[in-house]
Structure formats: C-alpha cells, structure tokens
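This briefing accompanies the model displayed below. Please keep the sequence and the structure in view while reading.

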Amino acid sequence: MRVRLGWLASGLAVAFVLSLMAGAHWVGPVKVWHALWSPSATDVDDLLIRTTRLTRTLVALIVGAGLGMAGGIMQTLTRNPLASPGLLGINAGALFVVVLLVTLGGALPVWLVSAGAFGGAALAAAAVWWIAMGRPGQAGPLRLILAGAALTALFHAFSQALLVVDQQGLDSVLFWLAGSVSARPLSEVWPLMLLSLVALLACWPLSGQWNVLAAGESIAVGAGVRVGRLQGVSVALIVVLAGAAVAMAGNIAFVGLIVPHVARRLTGPDHRHWLPAAALVGATTLLLADIAARTLILPGEVPIGVMTALVGAPLFMGLIRRQGHLND
Amino acid sequence: MTTIAAHELTLGYQRRTILDALSLTLPEGRISVLVGSNGCGKSTLLKALARLLLPWQGNVILDGRDIQRQPTRAVARLLSLLPQQPMAPEGITVRQLVTLGRHPHQSWLAQWSEQDERKVEQALTRTELSEFAERRVETLSGGQRQRAWIAMAVAQDTPLMLLDEPTSFLDLAHQMEVLELLASLNRESGKTIVMVLHDLNLACRYADHIVALRDGRIHAQGTPHEVITRQRVKEIFQLDCQVIDDPYFHTPLCIPFARREGR
Amino acid sequence: MIETGALRIGGFSRVFVWRPWRRVAIASLLLGLAIGACLSLGKVPLAPLELAAALSAPGSDLGLIVWQLRLPRTLLGAMAGGALALSGWLLQQVVRNPLASPDTLGVTGGASAAAVGYLAFLAGTFGSAWLPLAAASGSLTAVGLVYALSWQQGVTPLRLVLMGIGLSAMLAAVTMFMLASSPLSTTLSAYVWLTGSVYGGNWTEVSQLASWFVSALLVMVPLTRFALLAPLDDALAVGIGVRVQLLRGALTLLAAGLAGIAVAWGGAIAFVGLVAPHLARRLVRGPGAAQIVMAGVIGSAMVVLADLLGRTLFLPLDLPAGIFVAAVGAPFFLGLLIRQVR
C-alpha cells in the first residue's frame with residue numbers, strides 16, 4: 001500500500017510541474033525550476049509562473065485533495081457509494097450563500113464571502129444529515145440521492161432567482177457558478193488553503209475509527225467508538241473541506257464522487273490508505289483538469305467545473321451501469 | 001382445471017446457474033410445498049413458474065402452452081402470485097389493495113363490474129378483513145397485512161396460487177392462521193396452491209405434495225411420508241434428525257440434531 | 001362512511017368515490033378565482049364589473065389589455081403549470097418516491113441546454129420563434145438518453161433516477177459553459193428563461209401549447225388505470241398481469257412529453273412538478289383520478305399566482321414566475337423532507 005501511495009504522490013508531483021509548465025505559453029521544466037528557486041525579478045516567465053500559475057496550481061491541488069477527501073468521508077458516513085458534496089447539495093448550498101452575499105452586498109470583503117460559503121455548506125450538510133440519519137434503516141440509496149438532488153435544485157433555483165433580480169451581480173458571480181481556480185490572487189486565498197490543509201491533516205488520526213464505523217453504527221458502538229462524536233467531527237470536516245473548496249474555486253462537480261471510487265480501486269477499503277489516496281488522486285485529477293481546461297480551446301479557457309462535469313458525469317453513469325445490485 | 005409444469009428448466013443469475021434442467025409437474029387441486037436449504041433454488045423455481053424470470057433453456061407449461069408465449073394478462077387470470085415481502089404503495093387502503101387483484105379481469109371500458117365488486121367483498125370476508133377494509137395497509141399488523149396480500153390474490157380469482165414464503169416474519173400463531181386460510185381455500189374452492197416454506201413440520205402438516213430441491217435439482221418428491229425421512233432430510237439439509245410420527249396429525253415430525261461435522 | 005357509487009351501462013363500468021371530488025371542485029373554483037385575479041390585476045387594475053366589460057369588448061383599450069396581454073399569459077401559465085404537475089405525478093408513481101420530479105430525469109436539464117444553445121448560437125439568425133421547439137426536443141432527447149442508458153434487461157426506478165441526475169449534471173455543465181462564454185446580454189435572457197417565465201405570452205403560443213397539452217392528455221386518460229399500478233412491486237405487478245417494462249417506458253415518455261412542452265413554453269419553472277403532486281396527495285388521500293386532477297389544478301394555480309405576483313408585486317419590474325414558485329415551493333419542499341424523516 002505504501003508503495004501505491006508513493007506512486008500516487010509522484011504522479012501528483014508530475015502533474016504539479018506540468019501545471020506550472022502548461023498554458024497558452026509553455027515553459028520548460030528547467031525554467032520552472034529556476035522560477036521557483038532562483039527567480040529573476042525581470043523575467044516575464046518567472047513572473048508568470050510565480051504569480052498566476054503557482055496560485056492556480058496550488059488552489060487546484062488543495063481543492064482537489066479536499067473534495068476527494070470530503071467525498072470519501074461522506075461515502076463512509078452515509079454508507080452510500082454515491083454520496084458526495086456535489087450530489088448531496090453541499091456545493092450548491094455554499095454557492096447559494098455566496099450568490100446571496102454578492103448580489104445583496106455588492107463588493108464585500110473576501111473573508112465574509114468565504115465565511116458565507118462555509119455557512120451555506122453547513123446549512124446543506126445539516127439538511128442532508130437530517131434526511132440521511134432520520135431513519136437510517138430505511139434511508140436507502142434512492143432516498144438520500146433524491147433528497148440531495150432536490151436540495152441542489154432548491155439552492156440552484158434560489159441562486160438563479162437572485163441573479164435574475166440583480167443582473168449586475170451576474171457577471172461577478174458567474175465564475176463561482178462555473179468553477180475556476182484562477183480567479184483570485186494568492187493573497188486572498190491563502191487563509192482558506194491553510195484551513196483546508198489543517199482539515200486534511202486532521203483526518204489522519206480518525207481513519208481507524210472510520211474503519212470501524214464503516215462496518216455499521218451498532219458494531220462501532222459495540223467496539224467502543226463514540227459514534228455520535230465521530231459523526232459530528234466528520235460532518236464538521238466535510239463542511240470545512242467542501243466549504244473551503246467552494247470558497248476558493250466555486251462549483252466543481254463530480255471530483256468528490258468519482259475520486260474516492262478510483263482511490264478505493266487502488267488501495268482497498270482501509271481508510272488509512274484509502275483516504276490519503278483519495279486526497280492524492282483528487283489533487284492530481286483537478287490539476288490535470290485545470291491543465292486541460294486552459295489548453296484545450298486556446299485562446300479561451302473552459303471553466304474547470306465544466307471540465308470536471310464533462311468528464312465526471314460519464315464516469316458516474318458508467319459506475320452506475322456496473323453496479324449490478326441497483327435493481328431495487 | 002389448470003395445470004402447471006416445468007420442462008427441462010435451466011436458469012440462473014448473471015453467470016451462475018441456479019436451476020439445472022429441472023422438470024416438474026405439480027398436482028392439480030392440491031397443496032404443493034417446495035422445501036430445501038438456503039440457495040437450493042426453490043424461490044427461483046417459484047419465480048420461474050410465475051414467469052418473473054425468463055428461463056435460459058426449457059420452459060414453464062401452463063395449461064399445455066409455454067407461459068412466456070401467453071399474454072401476461074391471460075396468465076394473470078389463471079395464476080396469482082404472492083412474492084416474498086411485497087411492498088404496498090404508500091397510503092393505499094386494504095380495499096384498494098384487494099381491488100388491484102381485479103386488474104386482469106378489467107378493461108378500459110369495464111373498470112368496476114358487478115363481478116369485480118362481488119369478488120372483492122368475498123375476498124375481504126374470506127380473509128376476515130371486512131372490518132379493516134378502509135384501514136391503510138401500513139397500519140396493519142404483520143399477520144393482518146399478510147392476509148391482505150392473500151386477499152388480493154383471492155380477489156384475482158385464479159385456480160392457481162403461488163406463494164413465496166408466506167409465513168416468514170410471522171409468529172407461530174400468525175403462521176398457523178395464514179396456513180389454515182390457504183388450506184381452506186384449497187379445500188373449499190379447489191385451488192391449486194404452490195408455496196415455499198421453511199418450516200418442515202408445518203410443510204408436512206399442510207402439504208399434499210412435497211418437492212425437495214437440492215443444488216438446483218429435484219431431490220425427491222411425493223407425499224410428506226415419502227419425502228420426509230431421516231435419510232432424505234440428511235441429504236437435503238445435511239442435517240441429522242429423527243423423524244417420528246406426529247401424535248395428533250400423524251404427519252412426519254422432524255426432530256433435528258446438531259449439524260454433522262464437516263458437512 | 002365512504003360514499004362510493006358504481007356506474008354500469010352494459011359493458012361499461014366505473015367506480016366513483018365522491019368525497020375527494022368535492023375538494024377538487026373547491027380547488028378548481030379557487031383556480032378560477034386566481035385566473036380572474038390575473039385578468040384584473042396589473043398596471044391597470046380592473047374592478048370585477050370593469051373586467052366583465054373589458055372581456056365583452058375585445059376591441060376597446062381595456063379589452064386589448066385583457067385579451068391580448070393578460071389572458072394569453074395567464075392561460076400559458078396555467079397550462080404549463082398543469083402539465084408540469086401531471087408530469088411530476090406520473091414520475092413519482094414510476095419512481096415510487098415522492099421526491100422525484102421532472103428535473104431529476106433530465107427533462108429540465110435537456111431543455112435548458114437546448115434552449116441556451118439556441119439563444120447563444122441560433123437566435124441571432126432565426127429569432128426566438130423556434131425556441132419552444134428546441135427546448136422540447138432537448139428535453140425529449142435527454143429523457144430518451146437517460147432511459148437508454150438505464151436499460152439493462154429492463155429499467156429500474158433507481159437506475160433511472162441516478163442516470164437522470166448524472167446526465168442532468170453533465171447538461172448543466174454544458175449550459176454553464178455556453179452561459180459563461182457568450183455575451184452578457186445572451187446570458188441575461190438565458191437566465192430569465194432558466195428561471196421560468198411566461199412573459200409576453202401571445203395567442204399563437206397559447207394555441208401551440210394547448211394543442212400539445214390536449215394531445216398529451218388524450219394519451220394520458222387511457223393510461224391512468226395503469227399509472228395507478230406503477231408503484232407496485234415488479235413481482236406483484238407481473239402477478240396481476242401488468243407488462244412492467246412497457247408500462248414504465250410509456251409512462252416515462254408521457255411524463256417527459258408533458259414536462260417538455262411545459263418547459264418549452266414556460267421556461268424551466270422548478271418545483272411545480274415536485275410540490276403540486278405532493279400537495280394533491282395530501283389533499284386527496286388514496287391514488288385515483290381525483291388525485292391526478294387535483295395535482296393538475298394545483299400546478300396551474302401555482303404558476304398562475306406566481307406570475308401574478310411576479311408582475312404586480314414589484315411594479316414596474318416584471319419578474320419571472322419561476323422566482324415565486326421557488327420562493328413558495330422551496331420552503332414547502334424543505335418541510336416535506338423533514339416530514340418524510342419523521
């Protein structure tokens with residue numbers, strides 16, 4: 001397993017470098033090295049790499065890792081292989097509050113909008129939590145997913161309505177809706193990055209308990225896990241990871257859903273390997289998606305949220321077709 | 001009368017074969033019970049008989065013709081089915097549920113004939129559910145609910161009834177209640193009844209004909225006395241037992257011992 | 001206690017349960033009042049007598065306002081709402097879950113992608129006359145795809161929903177891409193469409209929608225008997241002689257058609273298909289014809305009233321009806337979710 005994780009980490013490193021190289025203007029790896037370690041103040045390439053490319057690369061990395069991890073935790077917590085921040089409406093909730101703040105308040109400080117994203121994520125998580133845990137025996141995959149879909153529709157309807165009422169706000173909000181890792185400077189997003197990193201690291205010591213929880217709530221209680229507290233902490237982590245992801249990069253779909261499945265294929269169900277792998281795969285995936293997004297239709301750029309949905313949705317549908325047990 | 005038989009039936013799930021070239025003729029106007037250990041294919045056989053599963057090879061013959069080639073509504077007028085743990089639509093009343101059984105007899109023009117009304121009332125009376133007719137199905141107790149499902153099959157008014165474990169999840173008193181109801185339906189209306197049961201002793205008491213399955217084949221069939229012997233039970237369930245004569249009903253009574261070492 | 005009657009003439013027979021129809025009648029009366037309010041309220045408010053005068057004199061100034069502006073718009077809203085509600089009712093039967101709606105099966109996603117694509121690329125050359133057709137074909141294509149992708153020796157409700165959600169997400173991404181990459185004016189008009197609006201409805205549109213709506217209803221009437229059986233277990237349904245897959249396909253197609261035409265002429269109005277059938281189920285217990293009619297009436301009333309609020313509450317602004325449907329529908333929906341948990 002350690003070997004596999006090592007491979008995944010090296011894959012991530014390659015994607016990282018590639019992401020610094022790629023774009024409308026390609027830069028060689030040697031130049032990237034120099035730009036990172038011994039930049040010259042006058043060189044345009046160095047400037048480009050150290051500002052825009054480094055920012056979007058770091059954002060993509062953190063957001064991808066956070067979404068992959070959040071998806072994995074949600075799938076364990078709900079015991080539903082289709083749970084993810086996107087499908088269960090958590091992204092949409094965060095997005096809605098962001099839209100609300102931007103349309104009502106206009107030019108608000110960044111921290112307030114970010115806090116709003118957390119608030120929205122927490123709101124949606126609370127709603128989903130309630131639905132999923134209300135009748136655990138009967139929740140069933142269909143009920144939870146339908147509830148999530150309807151919750152998503154609800155938040156989207158509100159967001160759309162706000163945008164129609166306040167048409168000036170539309171332009172400034174569009175990037176949140178479509179997802180983007182390059183819209184904001186490092187000076188604005190670094191606190192969010194730090195927060196995500198802390199949350200990612202906080203997942204580490206919980207893996208063992210999640211392993212027990214995955215076997216069922218009553219079994220976990222029997223094994224001496226304090227289930228209520230573990231669930232509470234897990235939801236908090238999900239809210240932080242998903243909320244920060246939306247606050248940094250807007251709406252990015254399907255990463256939280258597909259990535260944990262890919263990671264599980266690679267490492268098996270043990271959370272101690274699976275979740276770190278999910279974070280690594282998520283980061284790599286989003287880096288690659290971002291590289292594709294900014295090189296495919298030059299000189300334009302595909303919004304990264306669109307990119308992940310276009311690739312992720314067919315994978316999702318393939319996943320469903322392969323699940324033989326979805327025959328009611 | 002209506003006859004049902006399986007001819008060289010082979011089928012399974014995905015790539016796993018469950019039933020292997022199984023042939024079987026069930027006696028008319030009798031109660032037949034399918035027994036066997038878990039996974040031996042008895043439920044699969046019942047589902048195939050009820051045309052829920054498409055055979056890979058062979059066929060199910062209803063009244064001399066392949067059941068898959070007959071219109072499903074026509075089949076539904078001859079054969080009713082009670083699946084294992086059926087789910088009722090939300091909010092439906094007992095009467096509405098029982099009325100659903102009339103579906104194969106209705107057309108777009110005739111959706112509530114006098115016969116429909118009469119048969120529904122009869123079914124409710126027969127199953128002693130008249131006083132619960134307007135209750136919602138989900139508010140009934142387990143035994144009442146099972147009777148409601150049987151009432152639906154009774155209203156369907158078919159000469160042949162197939163039931164998949166009609167007594168599972170019921171306590172002993174309710175198991176007896178359901179089986180007595182089925183026995184009286186067989187006695188008084190001459191219905192052919194085919195069901196899967198887990199309890200060997202109840203099977204012996206109520207069955208005219210027992211079909212024992214093992215590994216997708218028929219291991220033995222005949223009267224309870226012929227099938228339920230010490231040797232046969234050992235072969236079917238890999239279980240040591242003593243078979244004695246039931247002192248009241250004089251059917252075989254099986255007293256199980258611990259499972260043999262190493263199967 | 002229960003007032004049932006049977007009507008039997010020769011081979012024809014029906015059962016009637018009278019009680020629920022009383023509520024349906026009351027609801028229809030309220031719908032009539034709502035439509036009346038729609039005709040008399042607006043920039044130029046009319047008293048009931050004035051309204052009657054205006055209705056009887058289509059050529060007068062007031063007559064023009066009522067006949068050419070308010071009436072077509074109101075009818076459009078009523079039909080779109082009714083069609084969405086019926087579609088939602090059918091889908092909830094098929095999927096056996098009160099949380100299903102036309103949106104979940106990709107109806108709205110397909111229509112939105114097609115409509116936004118049309119607005120972004122084709123509206124410049126062809127004008128907006130073909131927009132409904134584009135939207136309707138988009139929704140039917142999407143549902144067809146969802147159905148085909150779900151087919152594995154038959155379709156199960158669960159797979160149908162999941163595929164619908166997947167395809168919807170993908171179409172939403174396509175829509176978002178087109179929105180993000182087209183000029184802001186296009187984006188704005190697309191957003192109004194996406195929210196759902198019957199703004200500027202005229203008689204041509206009314207007659208187009210009406211002809212489709214009536215055809216769909218004609219298909220629905222003989223299917224009703226089977227639609228009531230759709231929530232049964234597959235095994236039970238086969239047991240009473242229902243051809244499960246055929247029925248599921250037919251009902252899904254019909255639901256897609258109904259929602260498709262509603263979305264085509266009314267825009268992507270959310271929540272009607274979810275909330276109206278549910279309310280109907282609360283008001284008329286037990287599945288049956290009365291419940292279906294109730295759902296349609298409630299759906300119509302929702303959109304008509306939402307449109308009335310949209311164009312009168314913030315005069316001179318004319319806000320899309322979808323906003324108010326969402327404003328009322330969303331809290332209601334949350335309540336529904338919470339109740340389902342209890």
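In what order do the four strands of the open sheet in chain B stand? In this predicted model, the order is β2-β1-β4-β5, and the strands pair in an antiparallel manner.

- One position can be followed residue by residue: Gly12(B) has Thr17(B), in β2(B), as its bridge partner.

**Contacts between chains**

- Two pairs of chains are in contact, and chains A and C share the most contacts.
- Chain A and chain B are joined by no contact; their closest C-alpha atoms lie 9 Å apart.
- The contact between chains A and C takes 46 residues from chain A and 43 residues from chain C.
- On the side of chain A that touches chain C, the elements giving two or more residues are α5 (110–134), α6 (140–165), α7 (167–178) and α14 (304–322) of chain A. The largest share, 17 residues, comes from α6(A).
- This side of chain A consists of 35 nonpolar, six polar and five charged residues.
- The contact between chains C and B draws on 24 residues of chain C and 31 residues of chain B.
- On the side of chain C that touches chain B, at least two residues each come from β1 (4–9), β2 (12–17), α8 (203–227) and α9 (234–239) of chain C. The residues of this side are 13 nonpolar, five polar and six charged.

**Chain A as a whole**

- Chain A contains 14 helices and zero strands.
- For 328 residues, a compact globule would have a radius of gyration near 20 Å; chain A has 20 Å, which agrees.
- Along the principal axes, the C-alpha atoms of chain A fill a box of roughly 65 × 55 × 35 Å.
- Of the 328 residues of chain A, 53% count as buried.
- Considering contacts in chain A between residues at least 6 apart in sequence, 76% join residues at least 24 apart.

**Nonpolar cores**

- The largest nonpolar core has 229 residues. Those with the most contacts inside this core are Val63(A), Ala121(A), Ala242(A), Ala83(C), Ile261(C), Ile298(C) and Val325(C).
- Helix α6 (residues 157–181) of chain C gives the most to this core, namely 17 residues.
- Another core, of 82 residues, lies apart from the largest one; among its residues are Leu24(B), Leu97(B), Met161(B) and Ala207(B).
- When residues up to four places away in sequence are not counted, Ala83(C) touches Phe213(C), Ala216(C), Leu258(C), Ala259(C), Ile261(C) and Ala262(C).

**Helix α11 of chain C**

- At 1.5 Å a residue, the twelve residues of helix α11 (residues 272–283) of chain C should span 16 Å. The end C-alpha atoms of this helix are 16 Å apart, which agrees.
- Is α11(C) largely enclosed or largely open? Nine of its twelve residues are buried, so α11(C) is largely enclosed by the rest of the structure.
- The buried residues of α11(C) include Val272(C), Gly273(C), Pro277(C) and His278(C).

Methods. Residues numbered from 1 in each chain as written. Chains lettered and ligands numbered in written order. Predicted model: local features only at pLDDT ≥ 70, side-chain atom pairs only at ≥ 80, totals over all residues. Core = buried A, V, L, I, M, F, W, Y, C linked by C-beta atoms within 7 Å. Buried ≥ 20, exposed ≤ 12 C-beta atoms within 10 Å, placed from the backbone. Contact = placed C-beta atoms within 7 Å. Pairing = 2+ DSSP bridges. Nonpolar A, V, L, I, M, F, W, Y, C, P; charged D, E, K, R; others polar. Rg over C-alpha atoms; globule rule 2.2 N^0.38 Å. Expected span 1.5 Å × (residues − 1).
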